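This report is a guided reading of one protein model, written for someone meeting it here. Please keep the sequence and the structure in view while reading.

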Amino acid sequence: MDLCSLSDIRALLIKHDFNFSKAMGQNFLVDSSIPKRIVQMSGICKSDGVLEIGPGIGSLTQHLVLAAGKVVSVELDKRLLPILNETMNGNSNLDIINGDILKLDLNEIVENHFVGLNPIVCANLPYNITSPVLIKLVESKLFNQITVMVQREVAKRICALPGTPDYGTLSVYMQFYTKPSMLFDVPPSCFEPRPKVTSSVISLTLMEAPAADCNQELFFRIVRGAFNLRRKTLQNALSSAFSSYLSKEQIGSIIIEAGFAPNVRGESLGINEFAKLTKVFEKSVT
Ligand code: SAH
């Protein structure tokens, strides 16, 4: 069966009495050039163990199993299991797990399924949980390469540079732990049903060490504080975030001691600059 032929897919879904769930972010790829390109650009080879999140009916999975040593596909929707059984039948290097990726123990998956293989991620993500999934994957430090399709808006935020409108907490978080890059865009016409937004495939390469050496908890409290009130000056934004510990004047002195102008805005600071600020902050709050 051609899993990227719209008529074949429609016939398959009718046969299984399946209807799409918006709540589970179901938009299936129906243009075979896209999964091929994703697999090719992610450079998957037989020494890789690939974790796929949300296989759907297997449009990407069928290409992953050809390239990888092993594929584990985690699918939340039970109704897709009999369909995947039919479409993926005979693939000895594929394990399908029925479960919620946000609840599963990733260590266990890697330990039990990817012995002797290099664990990586390749997936067309369910868009309603893009950020929590990516944060969980990066936090786990188990996968040195993550190639995913996400909404273009999110891809732009992840890759954004300081001082640009898309730059925010997600950009700093992802760039603190990984090197992100945009691979290519995918228009709504490549999916069934068609999503409202354009999608992008991005790759995240885990760095051996985070981009800056500092107290990470404090670093991210400062970053969140700075972007929570992003239209205000950094001094005002951080005064609000740290109001129970420091006065506005103390925060002003910290900003100057860290080498920034008193009216600097958080959105103009890069990771190294937030790290510098973290170090001065740490001296002042402890
Ligand atoms: N990869 C397929 C389908 C992408 S749609 C394709 O490209 O055609 C997103 C898929 O993620 C759906 O199959 C949906 O059921 C599944 N999904 C949604 N939430 C999930 C979760 N929390 N854990 C695992 N899978 C999930």
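G168 lies in the loop between α7 and α8, in a model that is predicted. With a relative accessibility of 10%, G168 counts as buried, because the cut-off for burial is under 20%. Leaving aside residues up to four places away in sequence, G168 touches F227 and R230. The C-alpha atom of G168 is separated by 36 Å from that of C4, a residue 164 places apart from G168 along the chain.

## The protein as a whole

The protein has 12 helices and 9 strands, and its C-alpha trace spans about 70 × 40 × 30 Å along the principal axes. Of the 286 residues in the protein, 50% are buried. When contacts between residues at least 6 apart in sequence are considered, 68% of them join residues at least 24 apart.

Helix α8, which covers residues 169-177, is mostly covered, with 8 of its 9 residues buried. Which residues of α8 are buried? They are L170, S171, V172, Y173, M174, Q175, F176 and Y177. These buried residues pack against several helices, namely α6 (130-140), α7 (152-159), α9 (216-228) and α12, and also against the strands β7 (178-186) and β9 (199-206).

The axes of α6 and α8 come within 11 Å and cross at roughly 25 degrees; because an angle under 35 degrees counts as roughly parallel, α6 and α8 are roughly parallel to each other. The crossing of α6 and α8 is left-handed. On the α6 side the contact involves S131, L134, I135, V138 and E139, which meet L170, Y173, M174 and Y177 in α8. Sorted by class, the residues of this contact of α6 with α8 divide into 7 nonpolar, 1 polar and 1 charged.

## Aromatic rings

A pair of aromatic rings is described by the distance of the centres and the angle of the planes. In this model the count comes to 15 aromatic pairs. One of these is formed by F176 and Y177, whose ring centres are 5.0 Å apart and whose planes stand at 80 degrees, so the pair is edge-to-face. Both F176 and Y177 are buried.

## Helices α11 and α12

Two packed helices are described by the angle between their axes and the distance between the axes. Helix α11 (residues 248-257) and helix α12 (residues 271-285) pack with their axes 9 Å apart and at an angle of about 135 degrees, and α11 and α12 are therefore oblique to each other. The crossing of α11 and α12 is right-handed. The residues that make the contact are I251, I254, I255 and E257 of α11, together with L277, V280, F281, K283 and S284 of α12. By class, this contact of α11 with α12 has 6 nonpolar, 1 polar and 2 charged residues.

## Backbone details in the loops

Most residues other than glycine have a negative phi, and most peptide bonds are trans. Against that background, a few places in the chain deserve a careful look. The peptide bond from E192 to P193 is cis, with omega near -10 degrees, and P193 has its place in the loop between β8 (191-192) and β9.

D17, with a phi of about 55 degrees, lies in the loop between α1 (6-15) and β1 (28-29). K141 also has a positive phi of about 55 degrees, and its place is in the loop between α6 and β6 (145-151). Is D17 buried or exposed? D17 is exposed, with a relative accessible area of 68%, and K141, at 53% relative accessibility, counts as exposed as well.

Definitions and conventions
Residues are numbered from 1 along each chain as its sequence is written. This is a predicted model: local features need pLDDT of at least 70, side-chain atom pairs count only at pLDDT 80 or more; totals for chains, interfaces and linings use all residues. Side-chain values use heavy atoms; hydrogens and water are left out. Axes are lines fitted to C-alpha atoms, for helices over the stretch in contact, and angles run from 0 to 180 degrees between N-to-C directions. Helices (H or I, at least four residues) and strands (E, at least two) are DSSP runs, numbered from the N terminus. Angles under 35 degrees count as roughly parallel, over 145 as roughly antiparallel, 65 to 115 as roughly perpendicular and the rest as oblique. A crossing is left-handed if the near helix is turned anticlockwise from the far one by less than a right angle, and right-handed if clockwise. Contact means heavy atoms within 4.5 Å. Ala, Val, Leu, Ile, Met, Phe, Trp, Tyr, Cys and Pro count as nonpolar, Asp, Glu, Lys and Arg as charged, and the others, Gly among them, as polar. Buried means under 20% relative accessible area, exposed over 50%, partly exposed in between (1.4 Å probe, protein chains only). Rings of Phe, Tyr and Trp (its six-membered ring) pair if their centres lie within 6.5 Å; planes under 30 degrees apart count as stacked, over 60 as edge-to-face and the rest as tilted.
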